[in-house]
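This report describes how parts of the structure shown below pack against one another. Please keep the sequence and the model at hand while reading.

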Amino acid sequence: MIFIFGRLEECNSRLVLFLAQLGEFEVVTSELVLEEVERFFRENFGRQAGYVSRRFVEELSSRIIRRDEIKTEMEALKGKIKAKDLENLAAVRHENLGHLVAYDEDYQESGIKEYITPKEFVKLFRLRPYNMEY
Amino acid sequence: MVQEKLLVRLSGATADVLNELVKRGYFATKSEAIRVGILRLGENFGLFKPAMHYWRELGEEIKRTGRKMTHDEVLEALTRLEQET
């Protein structure tokens, strides 16, 4: 979502991506996000866009967390969170990351302490965010 | 877009390394290996940032297709993607 809206709209997700490109924080991405971003751009803007978006995520990320690495965490989190969010949260727990930047109310409803919206995340860097949450 | 055409003479180690890179299949052609090498140099000296390069390229690719998605269309596509995944 951050990678997609950040490229398509003038929004807080874009600010997050700019901060990342400036090296203000370290980006760690799950294999699931990488696949989803590539697929989204491929299906909506063509094969080349899919490839380039994948390369963008790979280059911006200091690490891509593979599914194989987080089996234990995924097993432990089963039933505690929606299946679609399982892999991302498992990656966060596996790497002991400070923040899970996303715009998904399911994380909030499940009480995920690492969850933060792009708007709140941007504020941490003393930037003035856009009005929208994403 | 700026274009440069160069004739570069290589011998010794540089020629050996270039031949080996192509022979081992890391690059399809010598030209490709040289292009990537230049970008790596740019990266080392802080002149080129791959993420920014791909960011711009993605923007150009989106523009090239001429497709504009509304916020709701993006959300819909994302929801579908999540369900299928």
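## Helix packing between the chains

Helix 3 of chain A and helix 4 of chain B are oblique to each other, because their axes cross at roughly 125°, and angles under 35 degrees count as roughly parallel, over 145 as roughly antiparallel, 65 to 115 as roughly perpendicular and the rest as oblique. The axes, which are lines fitted to C-alpha atoms over the stretch in contact, with angles running from 0 to 180 degrees between N-to-C directions, come within 11 Å. The crossing of helix 3 of chain A and helix 4 of chain B is right-handed, a crossing being right-handed if the near helix is turned clockwise from the far one by less than a right angle, and left-handed if anticlockwise.

On the chain A side, this contact is made by A:Glu36, A:Arg39, A:Phe40 and A:Asn44 of helix 3, and on the chain B side by B:Ala77, B:Leu78 and B:Leu81 of helix 4, where two residues are in contact if their C-beta atoms, placed from the backbone, lie within 7 Å. Helices here are DSSP runs (H or I, at least four residues), numbered from the N terminus.

## Basis of the model

The model is predicted, so that local features need pLDDT of at least 70 and side-chain atom pairs count only at pLDDT 80 or more, while totals for chains, interfaces and linings use all residues. Residues are numbered from 1 along each chain as its sequence is written, and chains are lettered from A and ligands numbered from 1 in the order in which they are written.

## The chain B side of the interface

In total, 21 residues of chain B are in contact with 23 residues of chain A. Helix 3 (50–65) and helix 4 (71–84) of chain B each supply at least two residues of the side of chain B that touches chain A, and the largest share, eleven residues, comes from helix 3 of chain B.

## Helix packing within chain A

Helix 3 (residues 31–45) and helix 4 (residues 47–60) of chain A pack with their axes 7 Å apart and at an angle of about 155°, which makes helix 3 of chain A roughly antiparallel to helix 4 of chain A. Helix 3 of chain A passes helix 4 of chain A in a right-handed crossing, and the residues that make the contact include A:Leu34, A:Val37 and A:Phe41 of helix 3 and A:Ala49, A:Ser53 and A:Val57 of helix 4.
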